[in-house]
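Colleague: Hi! Could you walk me through this one? I'm new to it.
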Amino acid sequence: MAPTYTNSNGQPITPDAFATQRIGQHGPLLLQDFNLIDSLAHFDRERIPERVVHAKGSGAFGVFEVTDDITDVCSAKFLDTIGKKTRIFTRFSTVGGESGSADTARDPRGFATKFYTEEGNLDLVYNNTPVFFIRDPSKFPHFIHTQKRNPETHLKDANMFWDYLTTNPESVHQVMVLFSDRGTPASYREMNGYSGHTYKWSNKNGDWRYVQVHFISDQGVKTLTNEEAGQLAGSNPDHAQEDLFKNIAAGNYPSWTCYIQTMTEQEAKEAEFSVFDLTKVWPHKKYPMRRFGKFTLNENPKNYFSEVEQAAFSPAHTVPYMEPSADPVLQSRLFSYPDTHRHRLGTNYTQIPVNCPVAGRVFAPHIRDGAMCVNGNLGSHPNYLASDKPVEFQQYSIQQDQEVWNGAACPFHWKATDADFKQATDLYNVLARYPNQQKNLAHNVAVHVANADAWVQDKVFDYFTKVAKELGDAIKKETLELSPRK
Ligand code: NDP
């Protein structure tokens, strides 16, 4: 039976959905016409603030399955048995563009997964690159502004893009990844996900490890050349959304195999880099990958706005035995992500179904009221922890024997040194293993920096010369061919 058309208040509107109320045949409209007024007023409010970063994205539901026992590293319940399955939701995104921007932009890709576990929601809010541009969180707004639009021209601006990066050279490792062909993935299905940050996972005995997580695509890593990405941006800007949706709809479910690398506190002290430095990877040979699971995306959202646009991830959404490390950028994200969701979706954003922990999980009697409180608000239960209504507390190690910090509050700015170029050089050498990859990197930089002024170009040539002289030379040669100096 066809549904009866109603207004938003449920009142049946008959006989004509499009009829307005007016005085006589040609007179003005009536304020009492709620069907019209409500429809226009709601339409005026249809848009919510888009994410300040990661605005353009695609998502899908799926399932995570434990494949290997890592209970010696982590006692989170969803990992406690081989074969155990947990429902998940993953959202992929570009970072800098607006919500209508092209999916093939040269940009890192967000790769955020929410695990609806029996101990609450765990969000692993990762990227498709193992490192990042900054390690001082105070730089984030500065950095992002330079990758977005010039405040005067409202254009993307190669001068501010490269001026920022070259004056903050701890960025170089991530810039190398970004301007390799991995900066333009062929699809969301064909890229890896990396924690980037170091986390701390522990077991029931209180033993803990530093952990890096890798999601390796079972589809393989496939990339586009700069020219292919540019063409697709014009012919099909929603290419990655279409690819993900259609593959899942056709039953061609993408999957990723999950690995960890671990370090003890002593190993971290002996490492030649800081585990809290987001611009560094842990070399595979020294810190081998250990498999623990696999996840598959097998269910498209039924409604994009409801489930993808309103999805709200945060590294602060975690479960027992999984903790953040002291990485300063991670520490700042713990604040910034929930803060942005309160702004974008409202204080009760965790009540939105896609963000809601599995049924019956939430019992926080003091977290009440606020705009859009729709979950019953715990009814008549006292709005504080009441002595006559005892609650149970789950026992788990709070990891009292972890790192010990002390000292006065001190200014901290992690300035770059030449040592920050080492892993960028390592990556340049890795690229030699793949056909055309060193050449494509130089080309991808040159076509971008050719749009900058000469004083910025010179800084870029020096920046890449410090990675490898032949790379700096190749970039300079092609840049000057594309934008000859007068
Ligand atoms: P390995 O030789 O053991 O590993 C090199 C890794 O490079 C590969 O496993 C692959 O990672 C990754 N890779 C291949 N092509 C590209 C590309 N175009 N852009 C980015 N990464 C690529 O060396 P190390 O572990 O000693 O690392 C050497 C360099 O490799 C690092 O400086 C880093 O830039 C890069 N890398 C390292 C990772 C790590 O966690 N150790 C992860 C990713 C990159 P994958 O298998 O994840 O695709």
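Modeller: Happy to! In this predicted model, 15 residues of domain 1 are in contact with 13 residues of domain 2, where contact means heavy atoms within 4.5 Å.

Colleague: Which residues belong to domain 1 and domain 2?

Modeller: Domain 1 is 57-133 + 191-358, and domain 2 is 139-167 + 418-486. These bounds come from an automatic or database domain assignment. Residues are numbered from 1 along each chain as its sequence is written.

Colleague: What separates the centres of the two domains?

Modeller: Taken over C-alpha atoms, the centres of domain 1 and domain 2 are 28 Å apart.

Colleague: New topic: at what angle do α12 and α13 cross?

Modeller: Helix α12 (residues 454-465) and helix α13 (residues 469-482) have axes that cross at roughly 155° and come within 7 Å. That makes α12 roughly antiparallel to α13, a label for angles over 145 degrees.

Colleague: And which residues of α12 meet α13?

Modeller: Q457, F461, F464 and T465 do, and their partners in α13 include L471, I475 and L480.

Colleague: Is C74 buried or exposed?

Modeller: C74 is buried, at 0% relative accessibility, whereas C410 is exposed, with a relative accessible area of 60%. Buried means under 20% relative accessible area and exposed over 50%, with partly exposed in between (1.4 Å probe, protein chains only).

Technical notes
This is a predicted model: local features need pLDDT of at least 70, side-chain atom pairs count only at pLDDT 80 or more; totals for chains, interfaces and linings use all residues. Side-chain values use heavy atoms; hydrogens and water are left out. Axes are lines fitted to C-alpha atoms, for helices over the stretch in contact, and angles run from 0 to 180 degrees between N-to-C directions. Helices (H or I, at least four residues) and strands (E, at least two) are DSSP runs, numbered from the N terminus. Angles under 35 degrees count as roughly parallel, over 145 as roughly antiparallel, 65 to 115 as roughly perpendicular and the rest as oblique.
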